[in-house]
Amino acid sequence: MGVFTFVCRNSGDEWTGKSLSGDLEASAGSTFDLQRKLVQTALCSDSSGGVQSSFSFVTPTSAVFQVIVGAPAAAAFVGGGAASAPSGGAAPAAEEKKEEKKEEKKEESEDEDMGFSLFD
């Protein structure tokens with residue numbers, strides 16, 4: 001399994017991506033094309049299986065792109081912060097909503113237990 005991390009920068013009309021370790025690099029006119037080229041570059045270096053990738057902007061003109069080659073299908077993303085947004089951000093939000101509903105029900109039941117209502 002190979003992990004390739006690229007620092008991507010925009011200069012004018014061209015995006016370039018250079019690996020942190022090694023001499024892998026590519027350039028393209030858009031971030032989409034750059035990601036495709038960097039994945040192909042990583043696959044030329046290590047073609048041992050499936051590919052996972054994550055692209056995250058750091059500033060409007062720079063980004064980090066990570067390619068994991070040979071990762072099992074159920075593997076989690078190794079990064080953090082905004083880079084991990086695709087890896088299940090909805091599940092914690094759903095759990096929070098459930099907890100909020102439970103708390104609301106508890107509050108309502110506490111009012112009923114006091115034997116009076118504010119609106120009587």
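Which residue in strand 5 does Phe4 stand opposite? And what surrounds that spot?

Modeller: Phe4 stands opposite Val67 in strand 5. Before we go further, a word on the ground rules: this is a predicted model, where local features need pLDDT of at least 70 and side-chain atom pairs count only at pLDDT 80 or more, while totals for chains, interfaces and linings use all residues. Residues are numbered from 1 along each chain as its sequence is written, and side-chain values use heavy atoms, with hydrogens and water left out.

When I say helix or strand, I mean a DSSP run (H or I over at least four residues for helices, E over at least two for strands), numbered from the N terminus. Two strands count as paired if DSSP finds at least two bridges between them. Strand 1 and strand 5 run antiparallel and are joined by eight bridges.

Leaving out residues up to four places away in sequence, Val67 touches Gly2, Val3, Phe4, Phe6, Val39, Ala42, Val51, Gln52 and Ser53, where contact means heavy atoms within 4.5 Å. Val67 also belongs to the largest nonpolar core, which has 16 residues; Phe4, Phe6, Cys8, Leu34, Leu38, Phe65 and Val67 are the members that touch the most others. Strand 1 (2-11), strand 3 (25-28), helix 1 (31-45) and strand 5 (62-69) each give at least two residues to that core. A nonpolar core here is a set of buried Ala, Val, Leu, Ile, Met, Phe, Trp, Tyr and Cys residues joined through side-chain atoms within 4.5 Å. Buried means under 20% relative accessible area, exposed over 50%, and partly exposed in between (1.4 Å probe, protein chains only). Cys8 is buried at 0%.

On the other flank of strand 5, strand 4 pairs with it in the antiparallel sense over eight bridges, and a hairpin joins the two through two residues. Along that pairing, Val51 stands opposite Val69, and Phe57 stands opposite Ala63.

That brings us to the rings. Rings of Phe, Tyr and Trp (its six-membered ring) pair if their centres lie within 6.5 Å, and planes under 30 degrees apart are stacked, over 60 edge-to-face and the rest tilted. By that rule there are four aromatic pairs. Trp15 and Phe57 have ring centres 6.0 Å apart and planes at 70°, so they're edge-to-face. Trp15 lies in strand 2 and Phe57 in strand 4, 42 residues apart, so this pair links distant parts of the chain. Trp15 is buried at 7% relative accessible area, whereas Phe57 is partly exposed at 48%. Phe55 and Phe65 make a tilted pair, 6.0 Å centre to centre with 55° between the planes. Phe55 is in strand 4 and Phe65 in strand 5, so that pair ties together parts 10 residues apart in sequence. Both Phe55 and Phe65 are buried. Together, Phe6, Trp15, Phe55, Phe57 and Phe65 form one aromatic cluster.
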